[in-house]
Amino acid sequence: MRECGKTAYELVKEACYVLGKDRRAFHYSEVIKYIRTYYPECKYKNNTIYLHLRGLSKNIESSKKHHPSLYRRAFLLYLGRGYFKLAEHVKAGEKEAIEKPHIESLDPEAIAKEVMEKFLGVKLEKKRLNIFGKYKEFDLVNIEKGIVGDVKYFKFKGSTPSAEFSNISEYIWLMEKLEKSSGRKWRKLIVGMGNRETFEKYAKLYGPWLGDLEIYFIDNNKKLWNIRRPDLGI
């Protein structure tokens, strides 16, 4: 055990260089586990550690704006799906990924917020909402206008994306509980990114049970597609 007199940046950097040796990629959960194991007195929350990882990634361009002090010291490459790699270990063929990051690297939630704010004509924010005394965070919220939504980025391309379907269903259930808890009607949204087919399959399979839920998809060019819009007969 080691005394925790280090900053979050110092802890994350140490963990990354230990886990990333031999050019291996590592998951953010490994970084958290390393810090919790060797620095049990550490007071930093898991979310703080994860935000540091993203802020220290050279190919997450949104970090330039949201975490400039971290981005100036960036030494990681974000590979997607929660995996990172030391940038100094990037092979020549991977350099393009840094110069031209894919949509996930650019932060799906930030992109969805930008696109949906323009589409809906209102400001949206990530916010924790009270549901029968317990709080749950949603990615796209405007309390005044009664809008609640969540962003889902799925890359799975198998025939039955059961884990992805369960995740979507969980948030739809929470939105329905929010309506009952708050005693008001909300405009409920699921905004998908990654593999469009997953969201189309979900809408087709569970459509009769989804009520007035709206499902959208944002492609790699930031174009918005209607997957499910009951008000439009879709």
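Guide: Two strands are said to pair if DSSP finds at least two bridges between them. With that criterion in hand we can look at this structure, which is a predicted model.

Visitor: How many bridges join S7 to S8, and do they run parallel or antiparallel?

Guide: Pairing asks for at least two bridges, and S7 and S8 meet that requirement, running parallel to each other.

Visitor: Which strand is joined to S7 by 8 bridges?

Guide: Strand S7 covers residues 187-194, and the strand joined to it by 8 bridges runs parallel to it over residues 147-154. Within this pairing Asp150 stands opposite Ile190 in S7, while Phe154 has Gly194 of S7 as its bridge partner. The strand in question is S6.

Visitor: Which strands stand at the edges of the sheet?

Guide: The sheet is open and mixed in its pairing, with 6 strands in the order S4-S5-S6-S7-S8-S9. A strand at an edge has a single partner strand, so one side of it is left without a neighbour in the sheet. Neighbouring strands are turned against each other by 40 degrees on average, direction ignored. The two strands at the edges, residues 125-131 and 224-228, are S4 and S9.

Visitor: How many residues of S8 are buried?

Guide: A residue counts as buried when its relative accessible area is under 20%. In S8, Glu214, Tyr216 and Ile218 point one way and Ile215 and Phe217 the other, yet residues on both sides are buried. S7 is also mostly covered, with 6 of its 8 residues buried. For S8 the count of buried residues is 5 of 5.

Visitor: Which helix packs on the sheet by touching S6, S7, S8 and S9?

Guide: Helix H7, residues 108-120, lies across S4, S5, S6, S7, S8 and S9, and runs at about 130 degrees to S7. The helix asked about spans residues 196-206, and its direction makes about 25 degrees with that of S9. That helix is H9.

Visitor: At roughly what angle do the axes of H8 and H9 cross?

Guide: Two packed helices are described by the angle between their axes and the distance between the axes. The axes of H8 and H9 come within 11 Å, and the crossing is right-handed. The contact brings residues of H8, including Phe165 and Ile172, against residues of H9, including Phe199 and Leu205, and its residues divide into 7 nonpolar, 2 polar and 2 charged. The crossing angle is roughly 65 degrees.

Visitor: How does H1 stand to H3, roughly parallel or roughly perpendicular?

Guide: The axes of H1, residues 8-19, and H3, residues 46-55, come within 10 Å and cross at roughly 70 degrees, in a right-handed sense. Ala8, Tyr9, Val12 and Cys16 of H1 make the contact with Thr48, Ile49, His52 and Leu53 of H3, which by class gives 6 nonpolar, 2 polar and no charged residues. Angles of 65 to 115 degrees count as roughly perpendicular, so the relation of H1 to H3 is roughly perpendicular.

Methods. Residues numbered from 1 in each chain as written. Predicted model: local features only at pLDDT ≥ 70, side-chain atom pairs only at ≥ 80, totals over all residues. Heavy atoms only, no water. Helix = DSSP H or I, 4+ residues; strand = E, 2+ residues; numbered from the N terminus. Axes fitted to C-alpha atoms, helices over the stretch in contact; angles between N-to-C directions. Contact = heavy atoms within 4.5 Å. Left-handed = near helix turned anticlockwise from the far one by under 90°. Nonpolar A, V, L, I, M, F, W, Y, C, P; charged D, E, K, R; others polar. Parallel < 35°, antiparallel > 145°, perpendicular 65-115°, else oblique. Buried < 20%, exposed > 50% of the residue type's maximum accessible area, 1.4 Å probe, protein only.
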